Amino acid sequence: MEEDIISGMADRPVEGVEPEEVDKEELGSAKEVILSIAKASKTLRIYLPNNPIYQKFLQDAFQKFDNHLHGFGELRIRIKQFELLFKGHAVYENTDRMESIAFKLFADGVRDIRFLEGIEKDEVVKFLGLIGGEYDPSNPDDDMVTLLWEKNFAHIKYTVAEDIQSSGELAPTIAMNPEFDMMIEQETSNIEELKRSDISPLRELLGPKFLDKPFSVVFKLTEDEIEKIRREIKAEEDLNPVNELIEIL
């Protein structure tokens, strides 16, 4: 279950992200907040909002928020495809695209979310409603950025990918990496070299078998590969929501 994934995680740094020095108590508190969010949002799918069980999980989530914000100040979470990070440390991980809170936010462009001191219970309820609803990536009404904007939260702020690009700012962890500029320079140099040589180095790497063939042939999918993709798509489409609910329970 999702909460087992979270609670069983080690306080580990994430590859490619420079972790900050953080007090263990603060890190543990951040993880408890995220765990309480995951539990409450999942409970919302099973019980009505006035159900005592849901109310218990909601109160727990609000209390965890209140404790953290009063004790440590703003809670800022960075969002990766399947992970939520607190100061460079993973506090949540779920690779199930239909269940993952991280994926739901990341897929719609949300890259950073901040919870501010003074957050109200009503805001927590509305936020849980957003991330706990059934997710359909193909449905434009499920766009998380639009839904967050419509709620106009006073104590929940967020950053989307377009904001980072338009401001010309790099993601914080990239900006702090002294090797980033060197990596970009090297990649640019490699691309220019390939252009000057009419991409012959790449052809040489592929070997004589592909030397005189166009790349549309070299990188063409085989029938077996196409069939495998079809089977995987069908398996996703055939998922039984009842079985998924039973697994949650």
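**Reading charge**

Analyst: Asp 96, Glu 232, Glu 236, Glu 237 and Glu 247 form a negative surface patch, a patch being made of residues with over 30% relative accessible area (Shrake-Rupley, 1.4 Å probe) and no salt bridge, like charges being joined within 9 Å. The model is predicted, with local features needing pLDDT of at least 70 and side-chain atom pairs pLDDT 80 or more, whereas totals for chains, interfaces and linings use all residues. Residues are numbered from 1 along each chain, and side-chain values use heavy atoms, without hydrogens and water.

User: Which helix gives the largest share of the negative patch?

Analyst: Helix H12 (residues 223-237; helices are DSSP runs, H or I, of at least four residues) supplies 3 residues, while Glu 247 lies in helix H13.

User: How should I read a salt bridge, and with which residue does Lys 87 form one?

Analyst: Side chains of opposite charge can pair when their charged atoms come close. The cut-off is a Lys or Arg side-chain nitrogen within 4 Å of an Asp or Glu carboxyl oxygen, and Lys 87 pairs with Glu 26 at 3.2 Å between the closest N and O atoms. This pair links distant parts of the chain, 61 residues apart.

Definitions and conventions
Patch = residues over 30% accessible without salt bridge, like charges linked within 9 Å, V, L, I, M, F, W, Y side chains within 5 Å. Lys, Arg positive; Asp, Glu negative; His and termini not counted. Charge placed at Lys NZ, Arg CZ, Asp CG, Glu CD. Helix = DSSP H or I, 4+ residues; strand = E, 2+ residues; numbered from the N terminus.
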